[in-house]
Amino acid sequence: MRILPLLCALLLLMLQGAAGLSLARGSPQDCERRGGFCFHGSCPPGIGRVGICSEQDFCCRRRWYP
């Protein structure tokens with residue numbers, strides 16, 4: 001009976017890690033929601049990278065200077 005709390009804790013940790021892995025790495029829709037656009041390769045000069053759209057595309061957004 002002492003192993004039951006340990007198994008419950010282990011199961012909880014595994015489920016918590018699996019929840020993070022189930023989220024998509026990034027998508028064009030997420031990028032647009034952030035106010036950005038997908039660009040193949042690195043972002044153009046003056047444009048910052050704010051995420052990932054796919055393996056080769058980055059989510060880019062214009063940098064705002066106050």
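Reader: How do you know which hand the link of C38 and C53 has?

Author: The angle about the S-S bond is -85°, and this link is left-handed. The model is predicted: local features need pLDDT of at least 70, side-chain atom pairs count only at pLDDT 80 or more, and totals for chains, interfaces and linings use all residues. Residues are numbered from 1 along each chain as its sequence is written, and side-chain values use heavy atoms, leaving out hydrogens and water.

Reader: Why is the pair C38 and C53 called a disulfide?

Author: Their sulfur atoms are 2.0 Å apart. A disulfide is a pair of cysteine sulfur atoms within 2.5 Å, so the pair qualifies.

Reader: Why is C31 called buried?

Author: Its relative accessible area is 2%, so C31 falls under the 20% cut-off. C59 also has 2% and is buried.

Reader: How do you know that C31 and C59 are joined?

Author: The S to S distance is 2.0 Å, so the pair meets the definition. With 90° about the S-S bond, this link is right-handed.

Reader: What makes C43 and C60 a disulfide, and which hand does it have?

Author: S to S is 1.9 Å, so the pair counts. The torsion is about -85°, so this disulfide is left-handed. Both C43 and C60 are buried.

How values were computed: Buried means under 20% relative accessible area, exposed over 50%, partly exposed in between (1.4 Å probe, protein chains only).
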